[in-house]
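Dear colleague,

Please find below the structure for your review.

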Amino acid sequence: MTKAEKAARYWGKLANAYDESQLLAGSTYPPIIEKIKGEFRPHDRLLEVGAGTGILSVQVAPLVAHVTCTDFAPEMLGKAKTKLAGFDHVEYRVETATALSFEDNSFDVVLCCNVLHQMVDPDVAVGEFHRVLRPGGKLLAITLTMGDMSLWAKVRTGIQYAVRFGIPPASHSFKLSTFSQLIADAGFDIAESELVTQEPFPTAYVSAVKPEAITIVSGLPRSGTSMMMAMLEAGGMQLLVDNIRTADKDNLKGYYEFERVKRIQHDQSWLEDARGKAVKIISELLKHLPQDYTYKVIFMRRKMEEILA
């Protein structure tokens with residue numbers, strides 16, 4: 001039996017007892033529910049990873065356009081379906097968090113509560129969250145941080161948990177700082193990081209954003225980069241231009257340039273303003289792009305005799 005199969009069996013056996021446990025649901029979830037309600041927009045497509053019995057799902061479902069509840073324990077999802085029976089915009093999928101079946105950029109928000117500290121490979125899971133979120137999408141990651149507890153509190157909580165639920169398949173003793181770093185290392189920008197509860201044990205709440213990609217239009221001079229910029233603008237994309245270089249007889253519709261691009265080797269501060277926009281950069285300067293951003297590159301190719309004509 002694989003680790004994933006063992007974990008699914010473990011959590012499946014807990015489906016009936018999970019909601020009844022005051023250790024988890026009694027004093028931890030109310031402040032989390034209050035906190036997350038302000039994180040959603042009516043048009044959001046939400047993926048909840050480790051939805052369990054739907055404790056949070058039933059609270060957030062009225063706030064968004066569509067919810068996909070996932071868990072690797074079918075028994076847990078069965079309980080969630082009962083709670084959410086009144087909603088027709090919720091679907092249920094048996095999924096493994098470290099190998100989600102969804103396409104890239106599929107969701108506006110990913111919610112994962114009290115799961116990551118009990119995963120074998122939480123870093124892989126967070127990488128999957130990043131993949132399935134659209135650029136600009138939001139991750140809400142909430143988990144127990146035993147690293148923020150005293151030794152006695154860890155022992156007490158461990159005994160309480162073991163008595164109620166048995167020994168979990170995996171456990172990580174995160175601190176708020178290390179949990180936030182885990183998410184940042186996956187490529188997220190941390191918007192908010194705090195302990196949302198201290199009692200009966202500390203619970204980290206991290207709201208993070210998948211950075212919007214910078215669209216780079218590149219190629220040799222006279223390869224059609226200005227034409228591509230005009231096409232992107234016509235399609236509704238925002239451009240980073242300053243119009244210092246104006247249209248002339250060689251380019252009647254303008255050059256769509258941003259002057260500071262030419263100094264990218266020494267000045268990269270303007271790249272922050274380029275997120276979610278398209279900017280033109282000649283091929284020779286691409287090597288100076290820093291690794292701190294996500295890029296989509298449209299590289300224009302044209303026959304050399306036409307470029308030189």
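In which order do the strands of the open sheet of three strands lie? The order is β9-β8-β10, with parallel pairing. Please note that this is a predicted model, in which local features need pLDDT of at least 70 and side-chain atom pairs count only at pLDDT 80 or more, while totals for chains, interfaces and linings use all residues. Residues are numbered from 1 along each chain as its sequence is written, and side-chain values use heavy atoms, with hydrogens and water left out.

The sheet. Strands (E, at least two residues) and helices (H or I, at least four) are DSSP runs numbered from the N terminus, and two strands pair if DSSP finds at least two bridges between them. Three bridges join β8 (residues 214-218) to β9 in the parallel sense; T215 has A278 of β9 as its bridge partner.

The largest pocket. Its volume is about 670 Å³, taken as the space filled by probe spheres set on grid points that are joined across faces, edges and corners. A pocket is an open set of points on a 1 Å grid over the protein atoms alone, with protein on both sides within 12 Å along at least five of seven lines, and lining residues have an atom within 4 Å of a point. Of the 27 lining residues, T225, S226, N251, Y255 and K280 are the closest to the centre. Helix α9 (residues 225-234) gives the most to this lining, with four residues.

Helix α3. In α3 (residues 29-36), Y29, I32, I33 and I36 are buried, that is, under 20% relative accessible area with a 1.4 Å probe and protein chains only (exposed is over 50%, partly exposed in between). These residues lie on the same side of α3 because they cover an arc of only 100 degrees around the axis, the arc being that of the directions from the helix axis to the C-beta atoms.

N114 is found in the loop between β4 (107-113) and α6 (122-132) and counts as buried at 10% relative accessibility. R222 is found in the loop between β8 and α9 and is partly exposed, with a relative accessible area of 45%.

Yours sincerely

How values were computed
1 Å grid on protein atoms, 1.4 Å probe; cavity = no way out; pocket = protein on both sides within 12 Å on 5 of 7 lines; lining within 4 Å.
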